[in-house]
Amino acid sequence: MHNRRTFLATSGAMLGAAIGGLAAHAPKNAFGQSAAKNAGAAQLPESKVNSQTSSLPNGTGLPTGWRGFRKLDAHNHVMQAIQSPGADWTPVYNLIEAAEFLGIEKLYCSRPLTGGVMAEIDAVRAANDTILAAMQRFPDKIEGFCFIQPGNGPAALDEIERCLDAGMVGVKLYNQFKYNHPAVFPIAERCIQHQIPLLGHSAYLTDPKTLAAQPQTSNSLEFGLLSKRYPELILILGHINGGGDWEWAIKGLKDSPNVYVDTSGSVQEDDAIGRCVRELGHKRVLFATDLSMEGGVGKILSADLTEQQRDDIFYGNFQAILERRRK
Amino acid sequence: MTPESITPEIIFDMSAYLGPYPFRRLSSTTAAARIEQMDAHGIDYALVSSLPAVFYRDAQQGDEQLFTEVADHQNRLLPVATVNPKYVGWQHDLEQALKTPRLTALALWPEHHGYRLNDEHGQAALRAAAEHRLPVVLTQRLEDRRQRHHWDQANDLTVASLTEAAAVDPKLKFVLRNWVGLSGGAIRDAGLTNRCLIDFSRLQVLMTKDVPKLIETLGPQPIAYGSHTPFDYYGPSLVKLANLQALYPQDYSKFAWQNAARFFELELTPAAKTS
């Protein structure tokens, strides 16, 4: 019998506690337990998750065995200061639980400072400490992207080194500067030096209200300008479905052959993935969710792709990027 | 119980559209194409409304196209009428629509048609729906505002507008498509627990637990499968349905079709699919 009770029981204490948020909102007799808020931090062992992914229902209308397809989520986040004493880790447990359900092997996480903040270096370090804490807690599941605010100058470069030394695998930029701004160039050069990916927040925003809130967000043409200056840079345009006109974004990348796109974002529209593949080539497309995890997996599963294209997008393309890193 | 034995024989999609959309090319707009997509994804039935009826000045012209399209597919597609209560003759249009075989619900688009659910036009439409015992379909949004065409000025519908509409007549029932931000408490307090059907096309089962939170407050009966196709891929909603199957095996058939069948008072059997 594969139901919620047995899934949780056989997934071990870690996952049982990790779904505390879910348990709190589900019939108690179905879970047979309820995790008190914050209790998970004290209860979770450090051991690897005993995944029961293959025992979960496949569902109707989805490829057989889809939960077991190898997947790397190239763009995700931990946005809470979990490194603080007494912090609530529930959002991280929810992230791990969702990855388990969906068969995502690794989550590549960052914590950008949003809301128009021109973050000072201390705040940037604290944000990256969040990710380091998550990596330490879930070393088999969470990998880190180092958030950088380019305006911090040499301190930003030092922060990249600190994060890489601690095991992070890439750099994440948000919308403090357009990516063709000179402040970004040293960051790009440092990424090239280490052969690590540079993941950038992106959008072509057509809604005036949203645009006014983040005027420095880079669109695909601005990604193209950075890529043209640094053709050897492994540059990833973040969340093609993260808001903004994705059709515009794809067309804007046609003359920028060195820019990858990740598929994340809350928009689940048909046929965004197919159009990325047709117009950019599937090798430039990377699976990611940016916290929209069920939709993120689902749209790849029902996109018009060959099995090889699907496997490359879910796993192979990003794995190949990671293998380019200089050790 | 094995996983196979809890796999439902039917999936009812409460959230689908026919016809072109003015601001973006959609991959399938005809009834035949919709059936083909449904077959490919294991969907038995779909509640369909007209997209042109949202954008034509005279919504009834869009409905005529819809009713013609579904006439040969009544065994799979259940039509939803659309009225614009600011347009002349809408009451007559509704009377005509009521003659359509298997007419299942009435869609209102206050943001697109330029009225509010609590003004005289909205109130009149709601009262007409109650009189004819037609569930009212309210779609919170068609598209994410961050990508919309500059002619698209429609705001998202709000929970407050829904609860105000619910107060017009206690007989009114609501079909809520493509919503987020629904509070189970607000729905319960508005007396809508047994008067609404909510699709989870834009809600999350995992992570933010939107659907489990609603189930905790309202029980499983208001929750139903909806795809928001052809705007969205089928995959996201089917993944969520599979996750509900893992978490609530005893209620899975309710989410997949039984809640919708009960809500719309339909007798459903598995549809004959071509693949």
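Predicted model: local features only at pLDDT ≥ 70, side-chain atom pairs only at ≥ 80, totals over all residues.
Helix H7 of chain A covers residues 121–137, 17 residues in total. From the first C-alpha to the last, H7 reaches 24 Å, close to the 24 Å expected at 1.5 Å a residue. The buried residues of H7 in chain A include A:Ile121, A:Val124, A:Ala127, A:Ile131, A:Leu132 and A:Met135. Also among them are A:Asn128, A:Thr130 and A:Arg137, as well as A:Ala133 and A:Ala134.

Side chains of opposite charge can pair when their charged atoms come close. Over all chains, the count comes to 27 salt bridges. One of them joins the side chains of A:Lys283 and A:Asp312, at 3.3 Å from N to O. A:Asp312 counts as buried because its relative accessibility is 8%, under the 20% cut-off.

In chain B, the side chains of B:Asp189 and B:Arg188 meet in a salt bridge at 3.3 Å, N to O. B:Asp189 counts as exposed, at 61% relative accessibility, whereas B:Arg188 is partly exposed at 44%. A further salt bridge, at 3.0 Å from N to O, is formed by the side chains of B:Asp251 and B:Lys254. Here B:Asp251 is buried, with a relative accessible area of 10%, and B:Lys254 is partly exposed at 29% relative accessibility. In chain A, salt bridges that share partners join A:Asp122, A:Arg125, A:Asp129, A:Glu159 and A:Arg162 into one network.

Note on methods. Residues numbered from 1 in each chain as written. Chains lettered and ligands numbered in written order. Heavy atoms only, no water. Helix = DSSP H or I, 4+ residues; strand = E, 2+ residues; numbered from the N terminus. Expected span 1.5 Å × (residues − 1). Buried < 20%, exposed > 50% of the residue type's maximum accessible area, 1.4 Å probe, protein only. Salt bridge = Lys/Arg side-chain N within 4 Å of Asp/Glu carboxyl O.
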